[in-house]
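Colleague: I am new to this structure and would be grateful for a guided reading. May we look at it together?

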Amino acid sequence: SDLTAGCACFRVASDKLAALQMRKMLGGIMSPFEAFLLHRAVKTLHVRMERHCANAHSLAEFLEAHDKVEVVHYPGLASHPHHGTAKQQCLNNAYSGMLSFILKGGFDAAATFVQSIRLVTFAVSLGGVESLVEHPASMTHDPAAVSLLGEVPATHDLPGGLVRFSVGLENVDDLRQDLEQALAKVQ
(Lines give C-alpha, C1' and ligand atoms only; values in the text may rest on other atoms or scores of the structure.)
Protein backbone atom coordinates (compact mmCIF):
# COMPACT_ATOMS: atom_id res chain seq x y z
CA SER A 1 0.00 0.00 0.00
CA ASP A 2 3.04 2.30 0.24
CA LEU A 3 3.98 2.50 -3.43
CA THR A 4 3.55 1.20 -6.94
CA ALA A 5 6.56 -0.25 -8.72
CA GLY A 6 7.33 -2.67 -11.49
CA CYS A 7 9.76 -3.63 -14.17
CA ALA A 8 9.68 -3.56 -17.94
CA CYS A 9 10.90 -6.55 -19.96
CA PHE A 10 11.32 -6.47 -23.72
CA ARG A 11 11.61 -9.12 -26.38
CA VAL A 12 12.36 -6.66 -29.18
CA ALA A 13 15.25 -4.18 -28.94
CA SER A 14 13.25 -1.38 -30.58
CA ASP A 15 10.64 -1.60 -27.81
CA LYS A 16 13.36 -1.26 -25.21
CA LEU A 17 14.77 1.78 -27.00
CA ALA A 18 11.33 3.41 -27.14
CA ALA A 19 10.84 2.79 -23.41
CA LEU A 20 14.25 4.24 -22.61
CA GLN A 21 13.40 7.37 -24.59
CA MET A 22 10.10 7.68 -22.73
CA ARG A 23 11.90 7.27 -19.40
CA LYS A 24 14.38 9.96 -20.44
CA MET A 25 11.55 12.39 -21.18
CA LEU A 26 9.20 11.57 -18.31
CA GLY A 27 11.47 10.14 -15.65
CA GLY A 28 11.14 6.61 -14.48
CA ILE A 29 13.47 6.28 -11.59
CA MET A 30 12.04 5.97 -8.12
CA SER A 31 13.29 8.16 -5.34
CA PRO A 32 15.63 6.76 -2.68
CA PHE A 33 12.74 6.66 -0.20
CA GLU A 34 10.53 4.72 -2.62
CA ALA A 35 13.42 2.31 -3.23
CA PHE A 36 13.71 1.84 0.55
CA LEU A 37 9.97 1.11 0.81
CA LEU A 38 10.16 -1.39 -2.05
CA HIS A 39 13.19 -3.14 -0.57
CA ARG A 40 11.46 -3.37 2.82
CA ALA A 41 8.20 -4.65 1.30
CA VAL A 42 9.82 -7.34 -0.84
CA LYS A 43 11.29 -8.94 2.27
CA THR A 44 7.83 -9.87 3.57
CA LEU A 45 5.98 -10.31 0.27
CA HIS A 46 5.91 -14.11 0.45
CA VAL A 47 4.38 -14.10 3.94
CA ARG A 48 1.76 -11.53 2.97
CA MET A 49 0.86 -13.46 -0.19
CA GLU A 50 0.42 -16.70 1.77
CA ARG A 51 -2.07 -14.99 4.10
CA HIS A 52 -3.74 -13.11 1.24
CA CYS A 53 -4.33 -16.37 -0.68
CA ALA A 54 -5.33 -18.46 2.36
CA ASN A 55 -7.90 -15.87 3.46
CA ALA A 56 -9.35 -15.62 -0.05
CA HIS A 57 -9.62 -19.39 -0.39
CA SER A 58 -11.40 -19.71 2.95
CA LEU A 59 -13.83 -16.90 2.12
CA ALA A 60 -14.46 -18.25 -1.38
CA GLU A 61 -15.51 -21.58 0.17
CA PHE A 62 -17.73 -19.76 2.68
CA LEU A 63 -19.40 -17.69 -0.05
CA GLU A 64 -19.87 -20.67 -2.36
CA ALA A 65 -21.86 -22.45 0.36
CA HIS A 66 -24.02 -19.39 1.19
CA ASP A 67 -27.63 -19.51 -0.02
CA LYS A 68 -27.67 -15.82 -1.06
CA VAL A 69 -24.71 -16.27 -3.42
CA GLU A 70 -25.39 -17.39 -6.97
CA VAL A 71 -21.79 -18.09 -8.02
CA VAL A 72 -18.23 -17.46 -6.82
CA HIS A 73 -15.44 -16.77 -9.31
CA TYR A 74 -12.22 -18.03 -7.73
CA PRO A 75 -9.83 -20.43 -9.47
CA GLY A 76 -9.04 -22.24 -6.22
CA LEU A 77 -12.53 -23.71 -6.04
CA ALA A 78 -13.05 -27.10 -7.66
CA SER A 79 -16.25 -25.70 -9.20
CA HIS A 80 -14.33 -23.05 -11.17
CA PRO A 81 -14.17 -23.94 -14.89
CA HIS A 82 -10.40 -23.37 -15.00
CA HIS A 83 -9.51 -24.96 -11.66
CA GLY A 84 -7.43 -27.68 -13.33
CA THR A 85 -5.26 -25.15 -15.11
CA ALA A 86 -4.92 -23.03 -11.96
CA LYS A 87 -3.93 -26.09 -9.95
CA GLN A 88 -1.11 -26.79 -12.41
CA GLN A 89 0.12 -23.20 -12.54
CA CYS A 90 -0.29 -21.94 -8.97
CA LEU A 91 2.39 -22.95 -6.50
CA ASN A 92 1.35 -24.32 -3.10
CA ASN A 93 -2.35 -23.82 -3.86
CA ALA A 94 -1.86 -20.03 -3.82
CA TYR A 95 -4.69 -19.13 -6.17
CA SER A 96 -4.74 -15.37 -5.52
CA GLY A 97 -6.35 -13.07 -3.06
CA MET A 98 -8.84 -11.75 -5.59
CA LEU A 99 -12.30 -13.17 -6.08
CA SER A 100 -15.69 -12.06 -7.22
CA PHE A 101 -19.18 -13.35 -6.61
CA ILE A 102 -22.69 -12.71 -7.82
CA LEU A 103 -25.46 -12.26 -5.30
CA LYS A 104 -28.95 -13.58 -5.91
CA GLY A 105 -31.20 -10.55 -6.05
CA GLY A 106 -29.07 -8.61 -8.52
CA PHE A 107 -28.16 -4.95 -8.29
CA ASP A 108 -30.14 -4.15 -5.14
CA ALA A 109 -28.72 -7.14 -3.26
CA ALA A 110 -25.15 -6.18 -4.13
CA ALA A 111 -25.76 -2.52 -3.26
CA THR A 112 -27.19 -3.51 0.13
CA PHE A 113 -24.27 -5.86 0.74
CA VAL A 114 -21.52 -3.32 0.04
CA GLN A 115 -23.31 -0.66 2.09
CA SER A 116 -23.61 -3.07 5.02
CA ILE A 117 -20.01 -4.20 5.40
CA ARG A 118 -18.13 -2.79 8.40
CA LEU A 119 -14.60 -4.24 8.55
CA VAL A 120 -14.02 -4.51 4.82
CA THR A 121 -13.59 -1.18 3.04
CA PHE A 122 -15.91 -0.24 0.18
CA ALA A 123 -13.43 1.10 -2.41
CA VAL A 124 -11.94 0.49 -5.83
CA SER A 125 -8.45 -0.96 -5.57
CA LEU A 126 -6.73 -4.30 -5.16
CA GLY A 127 -3.85 -6.14 -3.62
CA GLY A 128 -3.28 -4.13 -0.47
CA VAL A 129 -3.01 -5.44 3.06
CA GLU A 130 -6.57 -4.40 3.83
CA SER A 131 -9.67 -6.04 2.37
CA LEU A 132 -11.66 -4.07 -0.17
CA VAL A 133 -14.94 -4.70 -1.98
CA GLU A 134 -16.48 -2.92 -4.89
CA HIS A 135 -19.75 -3.09 -6.76
CA PRO A 136 -18.69 -2.67 -10.41
CA ALA A 137 -22.20 -1.92 -11.66
CA SER A 138 -22.43 1.22 -9.53
CA MET A 139 -18.77 2.21 -9.28
CA THR A 140 -16.66 1.46 -12.32
CA HIS A 141 -18.98 0.47 -15.17
CA ASP A 142 -21.00 3.54 -16.05
CA PRO A 143 -22.00 4.75 -12.56
CA ALA A 144 -23.53 7.89 -14.10
CA ALA A 145 -26.13 5.79 -15.90
CA VAL A 146 -26.78 3.83 -12.72
CA SER A 147 -27.31 6.99 -10.67
CA LEU A 148 -29.71 8.38 -13.29
CA LEU A 149 -31.59 5.14 -13.97
CA GLY A 150 -31.25 3.48 -10.58
CA GLU A 151 -30.14 0.26 -12.29
CA VAL A 152 -27.56 -1.13 -14.69
CA PRO A 153 -28.45 -0.12 -18.27
CA ALA A 154 -29.82 -2.97 -20.40
CA THR A 155 -26.86 -2.54 -22.77
CA HIS A 156 -24.46 -3.84 -20.08
CA ASP A 157 -23.71 -7.53 -19.89
CA LEU A 158 -22.33 -6.95 -16.39
CA PRO A 159 -24.39 -8.73 -13.72
CA GLY A 160 -25.87 -6.18 -11.32
CA GLY A 161 -25.23 -8.55 -8.43
CA LEU A 162 -21.49 -8.81 -9.08
CA VAL A 163 -19.20 -7.94 -6.15
CA ARG A 164 -15.41 -7.79 -6.54
CA PHE A 165 -13.43 -8.65 -3.43
CA SER A 166 -9.72 -8.03 -2.82
CA VAL A 167 -9.08 -10.07 0.33
CA GLY A 168 -6.55 -8.63 2.74
CA LEU A 169 -4.55 -9.85 5.70
CA GLU A 170 -7.08 -9.36 8.47
CA ASN A 171 -8.13 -12.27 10.67
CA VAL A 172 -10.18 -14.56 8.43
CA ASP A 173 -12.80 -15.15 11.15
CA ASP A 174 -13.34 -11.40 11.48
CA LEU A 175 -13.72 -11.11 7.71
CA ARG A 176 -16.18 -14.01 7.60
CA GLN A 177 -18.26 -12.43 10.38
CA ASP A 178 -18.36 -9.15 8.46
CA LEU A 179 -19.54 -10.95 5.33
CA GLU A 180 -22.13 -12.87 7.34
CA GLN A 181 -23.63 -9.76 8.91
CA ALA A 182 -23.73 -7.96 5.54
CA LEU A 183 -25.29 -10.96 3.78
CA ALA A 184 -27.92 -11.15 6.53
CA LYS A 185 -29.14 -7.69 5.45
CA VAL A 186 -29.55 -8.74 1.83
CA GLN A 187 -33.19 -9.53 0.90
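Colleague: What share of the residues in the protein chain is buried?

Modeller: This is a predicted model, in which local features need pLDDT of at least 70, side-chain atom pairs count only at pLDDT 80 or more, and totals for chains, interfaces and linings use all residues. Residues are numbered from 1 along each chain as its sequence is written, and side-chain values use heavy atoms, with hydrogens and water left out. Buried means under 20% relative accessible area, exposed over 50%, and partly exposed in between (1.4 Å probe, protein chains only). Of the 187 residues in the protein chain, the buried share is 34%.

Colleague: What percentage of the contacts with a separation of 6 or more joins residues 24 or more positions apart?

Modeller: A contact means heavy atoms within 4.5 Å. Among contacts in the protein chain with a separation of 6 or more, the share from residues 24 or more positions apart is 69%.

Colleague: Which residues does Asn55 touch, leaving aside those up to four places away in sequence?

Modeller: Asn55 belongs to helix H2 (residues 32-65). Its relative accessible area is 3%, so Asn55 is buried. Beyond four places in sequence, the residues in contact with Asn55 are Val167, Gly168, Leu169, Glu170, Val172 and Leu175.

Colleague: How far apart are N and O in the salt bridge of Glu134 and Arg164?

Modeller: A salt bridge is a side-chain nitrogen of Lys or Arg within 4 Å of a carboxyl oxygen of Asp or Glu, and the structure holds two. Side chains of opposite charge can pair when their charged atoms come close. For Glu134 and Arg164, the N to O distance is 2.5 Å.

Colleague: Where in the chain do Glu134 and Arg164 lie, and is each buried or partly exposed?

Modeller: The pair links distant parts of the chain, 30 residues apart, with Glu134 in strand S4 (residues 132-134) and Arg164 in strand S5 (residues 162-166). At 4% relative accessibility Glu134 is buried, whereas Arg164, at 21%, is partly exposed.

Colleague: What separates Arg176 and Asp173 along their helix?

Modeller: These two residues form a salt bridge, with their closest N and O atoms 2.9 Å apart. Asp173 has a relative accessible area of 41%, so Asp173 is partly exposed. Because Arg176 and Asp173 are three residues apart in helix H7 (residues 172-184), their separation is about one helical turn.

Colleague: Is Asn92 buried or exposed?

Modeller: Asn92 is found in the loop between helix H3 (83-89) and strand S2 (98-103). Its phi is near 55 degrees, a positive value in a residue other than glycine. With a relative accessible area of 77%, Asn92 is exposed.

Colleague: What is the phi of Ser96?

Modeller: Ser96 lies in the loop between H3 and S2. At 26% relative accessibility, Ser96 is partly exposed. Ser96 is a residue other than glycine with a positive phi, near 110 degrees.

Notes. Helix = DSSP H or I, 4+ residues; strand = E, 2+ residues; numbered from the N terminus.
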